[in-house]
Amino acid sequence: MSKSHLFGRDMICSQDWKKEELDEILELAKKMKKDRFSPKFTKLLEHRTFFMFFYNPSVRTRQSFECAATELGGHAQFLEPKTMRLKTKKTAGETTEDAAKVMSRYACGIGIRILEDKISYYGQGDELLREYAKYADIPIVNMADDKFHPCQALADVMGIQEHLGEDLKGKKILITWAHGALARSWCSVQEAALLCSRYGMDVTIAYPQGYDLDPKVIEDVKKNCSENGAKFETTNDVKDGYKGAHVVYSRNWMSPNAYHDGEFHKQEEIEKALGYPEWICDAEKMKLTENALFTHPMPIDRGHEVTDDVASGPRSIIYDVAENRLHVQKAIMALTMSERL
Ligand code: CP
């Protein structure tokens, strides 16, 4: 029994990890999926607790992390900031440094989710995770912040590989903005673009004017594409990006104006987004593709982001990807938190 060389590492963004290290996660996740309850895996976190610190709600992330901890022989504990007397701009309380150092004395890792309405400017959620990572002696796992969602993107790539084969070079993913009433953070789409480009996929990002993503992240996606011989494109045309796509990923995201005057303007964002009804992934647009797979990180805003016949159709891999969250997270936890590998 020993530790992986990845023991102790934080997982805040896949871009912070080497490609070979990401391969190790996916390789172990695939083994864990194939042989889910093997005794090789069921004691890796025996007697250990993983803290899950949720500022925002979740279905998949909470449930899959709880199942992951159970299946590794450990326990996942749900924490909410409102129960923790933490210091904020407006209230006195415990500092991040103290909270992180104390939590490190109890648990084997801390997952944190903070995005959308729980922050007052873009980047604040990611900053909080990095502050926890600075002070904690145990791994910090990003369970979705306002910039990145690495567990989701690893599950996306695992699902795409399961359907298109291990080598994704030359395969095109279209990441397309979709209208909707949820005003979502950029985390899932930015991380998908970063990771798919690491795996050699051609990346096209389509969105109406005024919905640009983080320019620094886009620079990294371009760099990944150029290092991996892949193409990168953006378009403001609702249909062009579908041409030649092997994977279509539709998702609403908020505009860069969502945070101003120190607040998240959710209602404004929703009203603006609903003004683009043509930005829905439907069967007519999917006909322009190379019989593309459809994926989405979920929860889906059906009827806005995608039609039911595409979301529930034969080329949809949404449930495979959602399942893969479990396997990917088990692999991350085993590699970064287990001393029994
Ligand atoms: N994809 C995802 O993170 O889902 P939840 O918001 O339900 O956790």
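This report describes the ligand site and the domain arrangement of a predicted model.

## Domain arrangement

The domain assignment divides the protein chain into domain 1 (14-147 + 325-337) and domain 2 (152-321). Taken over C-alpha atoms, the centres of domain 1 and domain 2 are separated by 24 Å. At the interface between them, 28 residues of domain 1 are in contact with 32 residues of domain 2.

## Location of the ligand

Domain 1 (14-147 + 325-337) and domain 2 (152-321) both contribute residues to the shell around the ligand, so the ligand lies between them.

## Composition of the shell

The residues around the ligand are S58, V59, R60, T61, R113, H149, Q152, P297, M298 and R325. Sorted by class, this shell comprises 3 nonpolar, 4 polar and 3 charged residues.

For R113, a side-chain N or O atom is 2.9 Å from an oxygen atom of the ligand. For Q152, a side-chain N or O atom is 3.0 Å from a nitrogen atom of the ligand. The backbone also takes part: a polar backbone atom of P297 lies 3.0 Å from a nitrogen atom of the ligand. On its own, the ligand has 260 Å² of accessible area, of which the protein covers 93%.

Conventions
Residues numbered from 1 in each chain as written. Predicted model: local features only at pLDDT ≥ 70, side-chain atom pairs only at ≥ 80, totals over all residues. Heavy atoms only, no water. Near = heavy atom within 4 Å. Polar contact = N/O pair within 3.5 Å; in protein donor to acceptor, adjacent residues only side chain to side chain. Areas by Shrake-Rupley, 256 points an atom, 1.4 Å probe, with all protein chains shown as cover. Nonpolar A, V, L, I, M, F, W, Y, C, P; charged D, E, K, R; others polar. Domains from an automatic or database assignment. Contact = heavy atoms within 4.5 Å.
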